[in-house]
Amino acid sequence: MKPLDGVTILDLSRVLACPFASMILAELGATVIKVEQPGAGDETRSFEPRVQGPGGSESAYYLAFNRSKQSITVNFRHPEGQALIRRLAAQADVVVENFPVGTLQKYGLDREHIAPDNPGLIYCSCTGFGQTGPYAPRKGYDTVFQAMGGIMSLTGERGGGPVKPGLPVADLTSGLWVAIGILATLLGRERGGPGCHVDFSMLDGQVGLLSLAAARFFALGEVPARMGTEHPGRVPSAAFECRDGKWVQITGSDQHWKPLCELLGLVAWRDDPELARNANRVARREEVMAGLAEAIRKIDRDALCARCDAAGVPAGPILSVDEIFANEHVRARGMVAGYEHPQLGRFGAVPVPFKFDGYEHPETGRPPLLGEHTDHVLRQRLGLDDCDIAALREQGAI
């Protein structure tokens, strides 16, 4: 048994944030019915990079966020297609969508049109700026929300311009927020609560991550400056280049300072009572960081990491993607997985990172082909027969 066995999610979303959320829930056991437009499907089916296999090609972008789902193709603009969605929603536990505000209302697929047939329905809307507020009609992408939500202002080297992280952080964290919202409301309903509308704004999600930056602002009135890999309130906590050109991240507290100095041969600093306190190291940041950098440049990365491990100093190599997927611990934890795809053959995947004792582990399933489950879902859930389905296809509703 999986934790979400028996939960049905009708997924009207596309691109990244909500598909990521529904994929997590699918691999935790929910039945996720992904509704795509006939012919084209989710926009990401056409995104680069393409993967070519013996039976055809697929978008690696689509594959990354749509595992373990069923795909049906329904035309939202056709009255019969809209009726199908409403009938499926009447049987679902959750509907999730990420269309611009007001879009689905035009098709009678917003919560107000759907909920009367399913009072316990959890209807989750993920938009850029939310259902209310002066920015509600605006559109945006991941980098826009990174910019407006603060993470870009905090990211970059000292004295340099803002930098976006190497992953679509706003999209990915929004997917996690959406999954949390859905799980919370499912639990509330299980305990006797009502169905509800979850209004999630991707900008809200980024502001909600400000955490320590917000704490410093509320406490000190401080607008944090960009500091590269350094921590504003802790020294050392930064990336250092090693002799072999590779990099290591070292982050230590007061109890780690003497062992770090010992393994780096910084005897005078080891015995300096003033530097034993973090507040003084922060005050002497430039001096301390320069001395650490000079000492670390004399040691190869892996040798330094081994010394830090032996001394109990928190440190880790800054690994590239190929190094991560070859790493012995990552592989031992099962974080390199894959599935058999009918067109591509064996394809790799990063699994949902939970291990359960008491439930089945999440399964790394394959993504669906476009419309692969249309006939099955319409027969099984709506009781349609071959003639009904053929008529809908002839009309352009599916």
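**Figure 1. Arg-14 in the predicted model.** Arg-14 counts as buried because its relative accessibility is 18%, where the limit for a buried residue is under 20%. The structure shown here and in the other views is a predicted model. Arg-14 belongs to the loop that lies between strand 1 and helix 1 (17-27). Leaving aside residues up to four places away in sequence, Arg-14 touches Pro-19, Lys-34, Asp-42, Glu-43, Asn-98, Phe-99 and Pro-100.

**Figure 2. Thr-8 in strand 1.** Strand 1 covers residues 8-11 and contains Thr-8. With a relative accessibility of 11%, Thr-8 counts as buried.

**Figure 3. The pairing of strand 2 with strand 5.** Strand 2 is formed by residues 31-36 and pairs with strand 5 in the parallel sense, over 4 bridges. Within this part of the sheet, Ile-33 has Gln-70 of strand 5 as its bridge partner.

**Figure 4. The crossing of helix 10 and helix 14.** Helix 10 (residues 254-264) and helix 14 (residues 301-311) have axes that come within 10 Å and cross at roughly 140°. This angle makes helix 10 oblique to helix 14. The crossing in which helix 10 passes helix 14 is right-handed. On the side of helix 10, the meeting residues are Pro-259, Leu-263 and Leu-264, and in helix 14 they are Leu-304, Arg-307, Cys-308 and Ala-311. The residues of this contact divide into 6 nonpolar, no polar and 1 charged.

**Figure 5. Val-267 in helix 11.** Helix 11 spans residues 267-270, and Val-267 is found in this helix. Val-267 is partly exposed, as its relative accessible area is 43%. From Val-267 to Lys-139 the distance in space is 57 Å, C-alpha to C-alpha, while the two residues are 128 residues apart in sequence.

**Figure 6. The chain as the setting of the close-up views.** The secondary structure of the chain comprises 18 helices and 13 strands. The C-alpha trace spans about 85 × 50 × 40 Å along its principal axes. Of the 398 residues in the chain, 46% are buried. Among the contacts in the chain with a separation of 6 or more, 69% are between residues 24 or more positions apart.

How values were computed:
Residues numbered from 1 in each chain as written. Predicted model: local features only at pLDDT ≥ 70, side-chain atom pairs only at ≥ 80, totals over all residues. Heavy atoms only, no water. Helix = DSSP H or I, 4+ residues; strand = E, 2+ residues; numbered from the N terminus. Buried < 20%, exposed > 50% of the residue type's maximum accessible area, 1.4 Å probe, protein only. Axes fitted to C-alpha atoms, helices over the stretch in contact; angles between N-to-C directions. Parallel < 35°, antiparallel > 145°, perpendicular 65-115°, else oblique. Left-handed = near helix turned anticlockwise from the far one by under 90°. Contact = heavy atoms within 4.5 Å. Nonpolar A, V, L, I, M, F, W, Y, C, P; charged D, E, K, R; others polar. Pairing = 2+ DSSP bridges.
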